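Have a look at the sequence and the structure first, then read on.

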Amino acid sequence: MGRGKFKGKPTGRRQFSTPEEMIAGTSASRPRTFRQEEAQVEEDVRSEEESEEESEDEEKRKGTQGVIQIENPNLAKPKNVKARDIDMEKTTELSRREREEIERQKAHERYMKLQEQGKTEQARKDLERLALIRQQRAEAAKKREEEKAAKEQKKVEARK
(Lines give C-alpha, C1' and ligand atoms only; values in the text may rest on other atoms or scores of the structure.)
Protein backbone atom coordinates (compact mmCIF):
# COMPACT_ATOMS: atom_id res chain seq x y z
CA MET A 1 0.00 0.00 0.00
CA GLY A 2 1.41 3.40 -0.95
CA ARG A 3 2.07 5.89 1.81
CA GLY A 4 1.66 8.97 -0.36
CA LYS A 5 4.03 11.83 -0.97
CA PHE A 6 5.48 12.11 2.57
CA LYS A 7 7.09 9.29 4.47
CA GLY A 8 6.63 8.86 8.20
CA LYS A 9 9.35 8.96 10.78
CA PRO A 10 11.93 6.21 10.54
CA THR A 11 10.99 5.01 14.02
CA GLY A 12 7.92 3.33 12.63
CA ARG A 13 4.27 3.94 12.14
CA ARG A 14 1.72 4.20 14.90
CA GLN A 15 -0.47 1.20 15.46
CA PHE A 16 -3.95 1.81 16.70
CA SER A 17 -5.90 -0.97 18.35
CA THR A 18 -9.36 -1.72 17.09
CA PRO A 19 -12.39 -1.66 19.40
CA GLU A 20 -12.53 -5.47 19.23
CA GLU A 21 -8.92 -5.73 20.43
CA MET A 22 -9.63 -3.29 23.24
CA ILE A 23 -12.62 -5.31 24.42
CA ALA A 24 -10.68 -8.55 24.20
CA GLY A 25 -7.74 -6.97 26.01
CA THR A 26 -5.21 -7.99 23.39
CA SER A 27 -4.21 -4.53 22.25
CA ALA A 28 -0.55 -4.05 21.40
CA SER A 29 -0.17 -0.84 23.40
CA ARG A 30 -0.75 -2.46 26.79
CA PRO A 31 1.83 -4.77 28.31
CA ARG A 32 0.72 -8.24 29.28
CA THR A 33 1.35 -7.60 32.99
CA PHE A 34 -1.15 -4.73 32.94
CA ARG A 35 -4.06 -7.15 33.40
CA GLN A 36 -2.49 -8.53 36.57
CA GLU A 37 -1.87 -5.03 37.96
CA GLU A 38 -5.40 -3.99 37.05
CA ALA A 39 -6.86 -6.99 38.88
CA GLN A 40 -4.78 -6.21 41.94
CA VAL A 41 -5.93 -2.56 41.96
CA GLU A 42 -9.56 -3.70 41.71
CA GLU A 43 -9.09 -5.97 44.74
CA ASP A 44 -7.55 -3.09 46.74
CA VAL A 45 -10.45 -0.80 45.84
CA ARG A 46 -12.99 -3.43 46.92
CA SER A 47 -11.24 -4.00 50.27
CA GLU A 48 -11.04 -0.23 50.89
CA GLU A 49 -14.75 0.16 50.16
CA GLU A 50 -15.58 -2.57 52.64
CA SER A 51 -13.41 -1.03 55.35
CA GLU A 52 -14.91 2.43 54.68
CA GLU A 53 -18.42 1.04 55.07
CA GLU A 54 -17.46 -0.40 58.45
CA SER A 55 -15.85 2.85 59.64
CA GLU A 56 -18.84 4.93 58.42
CA ASP A 57 -21.11 2.93 60.70
CA GLU A 58 -18.95 3.79 63.70
CA GLU A 59 -18.57 7.51 63.06
CA LYS A 60 -20.39 9.80 60.61
CA ARG A 61 -18.71 13.09 59.82
CA LYS A 62 -20.23 16.25 58.41
CA GLY A 63 -19.11 18.06 55.26
CA THR A 64 -15.49 17.77 54.23
CA GLN A 65 -14.39 16.24 57.53
CA GLY A 66 -14.91 12.81 56.04
CA VAL A 67 -12.61 13.64 53.17
CA ILE A 68 -9.86 15.36 55.16
CA GLN A 69 -8.32 13.03 57.69
CA ILE A 70 -5.45 15.14 58.98
CA GLU A 71 -5.11 18.83 59.64
CA ASN A 72 -2.93 20.94 57.41
CA PRO A 73 0.38 21.40 59.27
CA ASN A 74 1.14 24.53 57.20
CA LEU A 75 -2.06 26.25 58.22
CA ALA A 76 -1.23 28.99 60.72
CA LYS A 77 -3.94 29.28 63.29
CA PRO A 78 -4.72 32.89 64.23
CA LYS A 79 -3.72 33.71 67.77
CA ASN A 80 -6.26 36.02 69.34
CA VAL A 81 -4.63 37.96 72.13
CA LYS A 82 -6.75 40.25 74.24
CA ALA A 83 -5.52 43.65 75.37
CA ARG A 84 -5.58 42.72 79.06
CA ASP A 85 -3.36 39.69 78.42
CA ILE A 86 -0.58 41.64 76.70
CA ASP A 87 2.61 41.92 78.73
CA MET A 88 3.89 45.48 78.31
CA GLU A 89 7.29 44.81 79.94
CA LYS A 90 8.11 42.06 77.50
CA THR A 91 10.24 43.27 74.60
CA THR A 92 10.10 41.57 71.25
CA GLU A 93 13.32 39.95 70.18
CA LEU A 94 14.97 41.37 67.09
CA SER A 95 15.90 39.26 64.13
CA ARG A 96 19.54 38.55 63.37
CA ARG A 97 19.64 41.09 60.54
CA GLU A 98 18.10 43.81 62.71
CA ARG A 99 20.57 43.11 65.54
CA GLU A 100 23.52 43.20 63.13
CA GLU A 101 22.28 46.48 61.62
CA ILE A 102 22.00 48.11 65.07
CA GLU A 103 25.46 46.84 66.06
CA ARG A 104 26.88 48.21 62.79
CA GLN A 105 25.34 51.63 63.44
CA LYS A 106 26.67 51.75 67.01
CA ALA A 107 30.16 50.74 65.88
CA HIS A 108 30.10 53.46 63.22
CA GLU A 109 29.04 56.07 65.82
CA ARG A 110 31.86 54.99 68.17
CA TYR A 111 34.37 55.21 65.33
CA MET A 112 33.17 58.69 64.35
CA LYS A 113 33.52 59.91 67.97
CA LEU A 114 37.08 58.60 68.13
CA GLN A 115 37.72 60.15 64.72
CA GLU A 116 36.60 63.56 66.00
CA GLN A 117 38.86 63.22 69.04
CA GLY A 118 41.79 62.26 66.80
CA LYS A 119 42.42 58.89 68.44
CA THR A 120 42.16 56.66 65.38
CA GLU A 121 45.00 55.90 62.97
CA GLN A 122 43.17 57.52 60.10
CA ALA A 123 42.54 60.69 62.13
CA ARG A 124 46.25 60.88 63.08
CA LYS A 125 47.29 60.53 59.46
CA ASP A 126 44.77 63.19 58.41
CA LEU A 127 46.04 65.60 61.05
CA GLU A 128 49.66 65.02 60.00
CA ARG A 129 48.72 65.63 56.37
CA LEU A 130 46.83 68.77 57.35
CA ALA A 131 49.77 70.11 59.35
CA LEU A 132 52.11 69.45 56.42
CA ILE A 133 49.78 71.24 53.99
CA ARG A 134 49.47 74.24 56.34
CA GLN A 135 53.25 74.43 56.62
CA GLN A 136 53.67 74.28 52.82
CA ARG A 137 51.05 77.00 52.31
CA ALA A 138 52.70 79.24 54.92
CA GLU A 139 56.08 78.78 53.21
CA ALA A 140 54.56 79.54 49.80
CA ALA A 141 52.86 82.71 51.13
CA LYS A 142 56.14 83.86 52.73
CA LYS A 143 57.98 83.24 49.47
CA ARG A 144 55.37 85.21 47.49
CA GLU A 145 55.66 88.14 49.87
CA GLU A 146 59.47 88.13 49.55
CA GLU A 147 59.21 88.07 45.74
CA LYS A 148 56.70 90.92 45.83
CA ALA A 149 58.97 92.96 48.10
CA ALA A 150 61.92 92.26 45.81
CA LYS A 151 59.93 93.47 42.77
CA GLU A 152 58.95 96.66 44.52
CA GLN A 153 62.57 97.18 45.55
CA LYS A 154 63.65 96.91 41.91
CA LYS A 155 60.97 99.41 40.84
CA VAL A 156 62.12 101.89 43.45
CA GLU A 157 65.76 101.49 42.40
CA ALA A 158 64.86 101.87 38.72
CA ARG A 159 63.16 105.24 39.39
CA LYS A 160 66.16 106.69 41.11
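Is Glu121 buried or exposed? Glu121 is exposed, with a relative accessible area of 52%. Here buried means under 20% relative accessible area, exposed over 50%, and partly exposed in between, using a 1.4 Å probe and protein chains only.

A word on ground rules. This is a predicted model, so local features need pLDDT of at least 70 and side-chain atom pairs count only at pLDDT 80 or more, while totals for chains, interfaces and linings use all residues. Residues are numbered from 1 along each chain as its sequence is written, and side-chain values use heavy atoms, with hydrogens and water left out.

**The overall picture**

The protein chain has 4 helices and 0 strands, and from the N terminus on its elements run α-α-α-α. Helices (H or I, at least four residues) and strands (E, at least two) are DSSP runs, numbered from the N terminus. Of the chain's 160 residues, 4% count as buried. Its accessible surface comes to about 17,200 Å², and 50% of that belongs to carbon and sulfur atoms; the areas come from the Shrake-Rupley method with a 1.4 Å probe, and for residues only the protein chains shown count as cover.

Confidence is lowest in helix α2 (residues 34-58), at a mean of 67, and highest in α4, at 94.

**Salt bridges**

The structure holds 4 salt bridges, each being a side-chain nitrogen of Lys or Arg within 4 Å of a carboxyl oxygen of Asp or Glu. Side chains of opposite charge can pair when their charged atoms come close. Among them are these:

| Pair | N to O distance | Relative accessible area |
|---|---|---|
| Arg96 and Glu100 | 3.3 Å | Arg96 49%, Glu100 32% |
| Glu121 and Arg124 | 3.0 Å | Glu121 52%, Arg124 40% |
| Arg129 and Asp126 | 2.9 Å | Arg129 47%, Asp126 30% |

Arg96 and Glu100 both sit in helix α3, 4 residues apart, about one turn of the helix. Over in α4, Glu121 and Arg124 are 3 residues apart, so about one helical turn separates them. Arg129 and Asp126 are also in α4 and 3 residues apart, which again puts about one helical turn between them.

With 22 residues at 1.5 Å a residue, α3 should span 32 Å, and its end C-alpha atoms are 32 Å apart, which agrees. The expected span is 1.5 Å times one less than the number of residues. Just after α3, Gly118 takes a positive phi of about 80°.

Then comes Thr120, in the loop between α3 (96-117) and α4 (121-159). Thr120 counts as buried because its relative accessibility is 9%. Which residues does Thr120 touch, not counting those up to four places away in sequence? They are Tyr111, Leu114 and Gln115, where contact means heavy atoms within 4.5 Å. A polar atom of the Thr120 side chain also lies 3.2 Å from the backbone nitrogen of Ala123.

Methods: A polar contact is a pair of N or O atoms within 3.5 Å; within protein, one must be able to donate a hydrogen and the other to accept it, and residues adjacent in sequence count only if both atoms are side-chain atoms. pLDDT is the predictor's confidence in each residue, from 0 to 100.
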